[in-house]
Amino acid sequence: MDFNTASEKAKTFTKKPSNDIFLEFYGLYKQATVGDCNIAKPGLTDLTAKAKYDAWMKHKGMSPDEAKKAYVATYQKYAPTYA
């Protein structure tokens with residue numbers, strides 16, 4: 001399975017993943033498609049933006065190809081539960 005297929009299939013999960021799992025996907029997706037985080041750190045009061053920022057920063061330095069492979073592995077790990 002390739003990254004594009006996994007990212008499309010993850011959008012069609014029939015059950016909603018937990019926030020932690022969503023953030024795992026989010027961080028890897030952003031790293032794979034944009035690279036290292038390139039936005040300013042959000043303020044402490046915007047908890048959602050801060051969680052997304054932290055999830056993305058967790059993968060800083062990972063190459064886009066590595067992030068794509070990790071995303072596919074993450075999809076395969078959670079697909080039996082959420083697809």
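**Close-up views of a predicted model**

View 1. D54 and K50 both sit in helix α3 (residues 47-57), four residues apart, or about one turn of the helix. The model shown here is predicted. An α-helix has 3.6 residues a turn, so residues three or four places apart point the same way. D54 forms a salt bridge with K50. Their closest N and O atoms are 3.0 Å apart. Side chains of opposite charge can pair when their charged atoms come close. D54 is partly exposed, because its relative accessibility is 34%. K50, in contrast, is one of the buried residues of α3.

**View 2. The buried residues of helix α3.** Which residues of α3 are buried? They are K50, Y53, A55 and W56. What do the buried residues of α3 pack against? Their partner is helix α2 (19-33).

View 3. Q31 belongs to helix α2. Is Q31 buried or exposed? Q31 has a relative accessible area of 1%, so it counts as buried. The cut-off for buried is under 20%. Set aside the neighbours within four places in sequence, and Q31 is in contact with D36, C37, W56, H59, K60, G61, M62, P64 and A67. One of these, W56, is also among the buried residues of α3.

**View 4. A salt bridge between E8 and K11.** E8 pairs with K11 in a salt bridge. The closest N and O atoms of E8 and K11 are 3.2 Å apart. How exposed are the two partners? E8 is partly exposed, with a relative accessible area of 47%. K11 is exposed, at 58%. The cut-off explains the two labels: exposed means over 50%, so E8 falls below it and K11 above it. The count for the model comes to two salt bridges. The other pair is D54 with K50, from View 1.

**View 5. Helix α1 crossing helix α4.** Two packed helices are described by the angle between their axes and the distance between the axes. The axes of helix α1 (residues 3-10) and helix α4 (residues 64-82) come within 9 Å. They cross at roughly 45°. The two helices are therefore oblique to each other. Their crossing is left-handed. Which residues make the contact? From α1 come F3, A6, S7, K9 and A10. From α4 come K68, Y71, V72 and Y75. By class, the contact has six nonpolar, one polar and two charged residues.

Methods
Residues numbered from 1 in each chain as written. Predicted model: local features only at pLDDT ≥ 70, side-chain atom pairs only at ≥ 80, totals over all residues. Heavy atoms only, no water. Axes fitted to C-alpha atoms, helices over the stretch in contact; angles between N-to-C directions. Parallel < 35°, antiparallel > 145°, perpendicular 65-115°, else oblique. Left-handed = near helix turned anticlockwise from the far one by under 90°. Contact = heavy atoms within 4.5 Å. Nonpolar A, V, L, I, M, F, W, Y, C, P; charged D, E, K, R; others polar. Salt bridge = Lys/Arg side-chain N within 4 Å of Asp/Glu carboxyl O. Buried < 20%, exposed > 50% of the residue type's maximum accessible area, 1.4 Å probe, protein only.
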